[in-house]
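Look at the sequence and the model shown here before reading on. The paragraphs after it go from the whole chain to single residues.

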Amino acid sequence: MARLLRAFSVALLLLPVLQLMAAGRTDLGGPFELTDQTGKTVSDKDFHGDPVLLYFGFATCPDVCPTDLAKMAIIVRALEEQADIELTPIFVTIDPSRDTPERLAQYLAYFHPSFVGLTGSNDAIAEIADHYAVYYEAVPTDNGYTMDHSTFTFLLGADGQYLAHFGRSESAPDLIAQISARLTESQD
Ligand code: NI
């Protein structure tokens, strides 16, 4: 019980720190070279031209990632229909040993046909996660491990620059409005 309480209070203490880390940093983003869901090597430059919604997670995530990816798909569809904005949704795995390109292709097709899945070496994943102040950690379970991870969604402009990030408590309609406003203003 004491150990449980201690773990709980550490998590509570850590949460605002992690949020501050992401919120306070103005240098988020940076170059990367990873493998997409078709097995092709891609870099950040391959995504320049359209704004990007970026999320970090793992395909075996039981409920957080599927919920957030479904929300991303709603946003991508709405912005295309309502504002003629083509957002590229990108999912970066923080569990690269299980999330192969094939696995990501299969998983992401379920959410939206435009989804890009990115995987790579442990070092390459650690580097892009660090660029976005994303926290992740393997947590042992009875039959293997699961991943603990932060759940921000990042908005990048068509030039690949970081514009904003959002917590998962924001509703899809709020995000659609905020992203649309942000992208319109960054074009001026
Ligand atoms: Ni997840």
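The model is predicted, so local features need pLDDT of at least 70 and side-chain atom pairs count only at pLDDT 80 or more, while totals for chains, interfaces and linings use all residues. Residues are numbered from 1 along each chain as its sequence is written, and side-chain values use heavy atoms, with hydrogens and water left out.

The chain has five helices and nine strands. Helices (H or I, at least four residues) and strands (E, at least two) are DSSP runs, numbered from the N terminus. In sequence order the pattern reads α-β-β-β-α-β-α-β-α-β-β-β-β-α. A contact means heavy atoms within 4.5 Å. Among the contacts in the chain with a separation of 6 or more, 68% are between residues 24 or more positions apart.

The accessible surface of the chain is about 10,100 Å², and carbon and sulfur atoms hold 54% of that area. Accessible areas come from the Shrake-Rupley method with a 1.4 Å probe, and for residues only the protein chains shown count as cover. Of the 188 residues in the chain, 44% are buried. Buried means under 20% relative accessible area, exposed means over 50%, and partly exposed lies in between (1.4 Å probe, protein chains only).

Next comes the interior. In soluble globular proteins, nonpolar side chains tend to be buried together. A nonpolar core is a set of buried Ala, Val, Leu, Ile, Met, Phe, Trp, Tyr and Cys residues joined through side-chain atoms within 4.5 Å. Here the largest such core has 52 residues, and Leu87 and Ile179 have the most contacts inside it. Helix H2, residues 64-83, gives the most to this core, with seven residues. Leaving out residues up to four places away in sequence, Ile179 touches Leu53, Ile75, Leu79, Leu87, Leu155 and Phe166.

Where is empty space left? Rolling a probe the size of a water molecule over the atoms shows this. The search uses a 1 Å grid over the protein atoms alone: a cavity is a set of points where a 1.4 Å probe fits but cannot get out, a pocket is an open set with protein on both sides within 12 Å along at least five of seven lines, and lining residues have an atom within 4 Å of a point. Grid points are joined across faces, edges and corners, and a volume is the space filled by probe spheres set on the points.

By this rule there is one cavity of 30 Å³ or more. The largest cavity has a volume of about 60 Å³. Its lining consists of Asp68, Lys71, Met72, Ile75, Thr153, Phe166, Gly167, Arg168 and Leu175. H2 gives the most to this lining, with four residues. By class, the lining has four nonpolar, two polar and three charged residues. In this count Ala, Val, Leu, Ile, Met, Phe, Trp, Tyr, Cys and Pro are nonpolar, Asp, Glu, Lys and Arg are charged, and the others, Gly among them, are polar.

The second largest pocket has a volume of about 230 Å³. It is lined by 19 residues, of which Gly30, Tyr132, Leu156, Gly160 and Gln161 are the closest to its centre. Ten of the lining residues are nonpolar, seven polar and two charged. Gly160 lies in the loop between S8 and strand S9 (162-166). With a relative accessible area of 25%, Gly160 is partly exposed. Gly160 and Gly30 are 130 residues apart along the chain, and their C-alpha atoms are separated by 8.5 Å.

Several other residues can be located in the model. Ile128 is in helix H4 and is buried, because its relative accessibility is 1%. Setting aside residues up to four places away in sequence, Ile128 touches Phe32, Leu34, Phe56 and Val92.

Ala133 lies in the loop between helix H4 (122-131) and strand S6 (136-141). Ala133 has a positive phi of about 55° although it is not a glycine, and at a relative accessible area of 7% it is buried. Asp84, in the loop between H2 and strand S4 (88-93), also is not a glycine and has a positive phi of about 55°. Asp84 is exposed, because its relative accessible area is 67%.
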